[in-house]
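Please walk me through this structure. Start with the sheet, then turn to the helices and the charged side chains.

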Amino acid sequence: MTFTFRPLDPLKDAELLHGWVTHPKAAFWMMQDAKLEDVERAYMDIAADEHHHALLGLDEDGEPAFLMEKYDPAHRELVGLYEPRPGDVGMHFLTPATDTPVHGFTRSVITAVMAHLFEDPAVQRVVVEPDVSNKAVHALNEAVGFVPEREIQKPEKRALLSFCTREQFVAATGVTA
């Protein structure tokens, strides 16, 4: 599977995103009760933030297939929770629920997201902070080279702070950016 990326348009894409982030299978995204206006507002805030970016992953037909966010952990999400290094970037991704699952789709998505992040030569390490109970994403993270460091307490959840260097990603996947 091959994906491309484009910046998310908070107004044009809000309805699509609303369906994705409020689906019961997206519980870890923590927007289950969000109204359409809440989604628009949340992604307008991200669009206006120099340290946080939202992108849509597009399939071979150019159709939106998943959401990814990248952020500077020195300024968002993890401020005060660990000591960021130069070249660190934070990442979230969401694959929408589907009635017709494709085997390997989510792993292809996280691999594409990581390759996209490492296309930037300034990025040396990706940091994630999934909910400690989200075992499915822990397995995906491990498959692309993440190594858990420790649990941390964020305002909204207990999270598993994990890191993946460029070298760990290449060793785990064989993919070079």
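What follows is a short tour, one part at a time.

This is a predicted model: local features need pLDDT of at least 70, side-chain atom pairs count only at pLDDT 80 or more, and totals for chains, interfaces and linings use all residues. Residues are numbered from 1 along each chain as its sequence is written, and side-chain values use heavy atoms, with hydrogens and water left out.

Begin with the sheet. Helices (H or I, at least four residues) and strands (E, at least two) are DSSP runs, numbered from the N terminus. Two strands pair if DSSP finds at least two bridges between them.

The sheet is open and has seven strands. Read across it, and the order is β1-β2-β3-β4-β5-β7-β6. The pairing is mixed. At the edges sit β1 (4-7) and β6 (147-153), each of which pairs on one side only. From one strand to the next, the twist averages 30°. For such angles, axes are lines fitted to C-alpha atoms, for helices over the stretch in contact, and angles run from 0 to 180 degrees between N-to-C directions.

Now look at the neighbours inside the sheet. β2 and β3 are antiparallel partners, joined over seven bridges. They form a hairpin with five residues between them. In its turn, Gly62 has a positive phi of about 80°. His52 stands opposite Tyr71 in β3. Tyr71 also stands opposite Gly90 in β4. The pairing of β3 with β4 is antiparallel too, over five bridges.

How enclosed is β3 by the rest of the structure? It is largely enclosed, because six of its eight residues are buried. Buried means under 20% relative accessible area, exposed means over 50%, and partly exposed lies in between (1.4 Å probe, protein chains only).

Move on to β4 (residues 88-94) and β5 (residues 125-128). These two strands pair in the parallel sense, over three bridges. Within this pair, Val89 has Val126 as its bridge partner in β5.

Next come the helices. Contact here means heavy atoms within 4.5 Å. Helix α1 (residues 14-21) lies across β2 (52-58), β3 (64-71) and β4. Its direction runs at about 85° to β3. Helix α5 (residues 166-173) also packs on the sheet, where it touches β6 and β7 (158-165). The direction of α5 makes about 85° with that of β7.

Asp13 is found in the loop between β1 and α1. Is Asp13 buried or exposed? At 7% relative accessibility, Asp13 counts as buried. Leaving aside residues up to four places away in sequence, Asp13 touches Arg6, Leu8 and Leu56.

Helix α4 has a buried set of its own: Val137, His138, Leu140, Asn141 and Ala143. What do the buried residues of α4 pack against? They pack against β4, α3 (105-118), β5, β7 and α5. After α4 comes Gly145, whose phi is positive, near 110°.

Finally, the charges. A salt bridge is a side-chain nitrogen of Lys or Arg within 4 Å of a carboxyl oxygen of Asp or Glu. The structure holds 10 of them. One joins Asp38 and Arg41, at 3.3 Å from N to O. Both residues are in helix α2 (residues 36-47), and because they are three residues apart, about one helical turn separates them. Asp38 is partly exposed, at 27% relative accessibility. Arg41 is partly exposed as well, with a relative accessible area of 49%.

Another salt bridge links Lys157 and Glu129, whose closest N and O atoms are 3.4 Å apart. Lys157 lies in the loop between β6 and β7, and Glu129 in the loop between β5 and α4 (135-143), so the pair ties together parts that are 28 residues apart in sequence. Lys157 is buried, with a relative accessible area of 12%. Glu129 is buried too, at 2%.

Glu156 and Lys154 also meet through their side chains, in a salt bridge of 3.0 Å from N to O. Glu156 is partly exposed, at 39% relative accessibility, whereas Lys154 is buried, at 3%.
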